[in-house]
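Dear colleague,

Please find below the structure that I am handing over to you, together with its sequence. My notes on the contents follow directly after it.

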Amino acid sequence: MASATSFYDLKPLDKRGTEVPLSDYKGKVVLVVNTASKCGFTPQYAGLEKLYKDVRAKHGDDFVILGFPCNQFGGQEPGTDDDIQSFCQVNYGVTFPILQKVDVNGDSASPVFRWLKDEKPGLMGLKRIKWNFEKFLVGRDGKVKERWASTTKPESLEKAVLEELEKKE
């Protein structure tokens, strides 16, 4: 899938290993987050879920959050895909999609994260994810609009998400 030229060409896997064509989200605003269950930032799941519910209450399914668990930072996501799903639902009431655990850096990095990092490098042009809970906002047009560090709280993203939702392709 190294030939992906747009967000909508990508097909990550869900927890059962089934392809999730990102083309299903064409015309929607998507927040992509690399997540972990045993991280200092793990409580951001609550903020992400609140953002998800609040925005969807006003804009329906025009907004989606996609969580991608990753175990590359301090081994903070050691569980199986089923363990991760259960943890997110039981502890944070997560209702947005949590996909299959992936790598976000290195040779085995998920094509989704390779594409996101190419489209929106971090500080000083670095094309790597620094830690869990980095966030990428993809607009209705499939282009990366914003990238935020792990320290950025989900609550502070609502304005940017709503502005993006107001735009029509």
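A salt bridge is counted here where a side-chain nitrogen of Lys or Arg lies within 4 Å of a carboxyl oxygen of Asp or Glu. Please note that the model is a predicted one.

**Salt bridges**

E134 and R147 meet this criterion, their closest N and O atoms being 2.9 Å apart. E134 sits in the loop between α3 and β3 (135-138), while R147 belongs to strand β4 (residues 144-148), so the pair ties together parts that are 13 residues apart in sequence. Both E134 and R147 are buried.

Over the whole structure, the search gives eleven salt bridges. Another of them joins the side chains of K50 and D54, with 2.5 Å from N to O. These residues are four positions apart in helix α1 (residues 44-59), and about one helical turn therefore separates K50 from D54. K50 is partly exposed, with a relative accessible area of 48%, and D54 is partly exposed at 27%. K145 and D141 also form a salt bridge, with 2.9 Å between the closest N and O atoms. K145 has a relative accessible area of 24% and is partly exposed; D141, at 33%, is partly exposed as well.

**Aromatic pairs**

A pair of aromatic rings is described by the distance of the centres and the angle of the planes. The model contains ten aromatic pairs. In one of them, the ring centres of F7 and W115 are 5.8 Å apart and the planes stand at 45 degrees, so the pair is tilted. F7 is in the segment before β1 (29-35) and W115 is in helix α3 (residues 111-119), so this contact ties together parts that are 108 residues apart in sequence. F7 is buried, at 0% relative accessibility, and W115 counts as buried at 7%.

F68 and F113 make an edge-to-face pair, with 5.3 Å between the centres and 90 degrees between the planes. This pair links distant parts of the chain, F68 being in strand β2 (residues 63-69) and F113 in helix α3, 45 residues apart. F68 and F113 are both buried. Elsewhere, ring pairs join Y45, F87, Y92 and F133 into a cluster.

**The largest pocket**

The volume of the largest pocket is about 260 Å³. Its lining comprises 15 residues, and those nearest the centre are G122, L123, K130, E134 and A149. By class, the lining has seven nonpolar, three polar and five charged residues. E134, listed among the residues nearest the pocket centre, is also the salt-bridge partner of R147.

With kind regards

Key: Residues are numbered from 1 along each chain as its sequence is written. This is a predicted model: local features need pLDDT of at least 70, side-chain atom pairs count only at pLDDT 80 or more; totals for chains, interfaces and linings use all residues. Side-chain values use heavy atoms; hydrogens and water are left out. Rings of Phe, Tyr and Trp (its six-membered ring) pair if their centres lie within 6.5 Å; planes under 30 degrees apart count as stacked, over 60 as edge-to-face and the rest as tilted. Helices (H or I, at least four residues) and strands (E, at least two) are DSSP runs, numbered from the N terminus. Buried means under 20% relative accessible area, exposed over 50%, partly exposed in between (1.4 Å probe, protein chains only). On a 1 Å grid over the protein atoms alone, a cavity is a set of points where a 1.4 Å probe fits but cannot get out, and a pocket is an open set with protein on both sides within 12 Å along at least five of seven lines; lining residues have an atom within 4 Å of a point. Grid points are joined across faces, edges and corners, and a volume is the space filled by probe spheres set on the points. Ala, Val, Leu, Ile, Met, Phe, Trp, Tyr, Cys and Pro count as nonpolar, Asp, Glu, Lys and Arg as charged, and the others, Gly among them, as polar.
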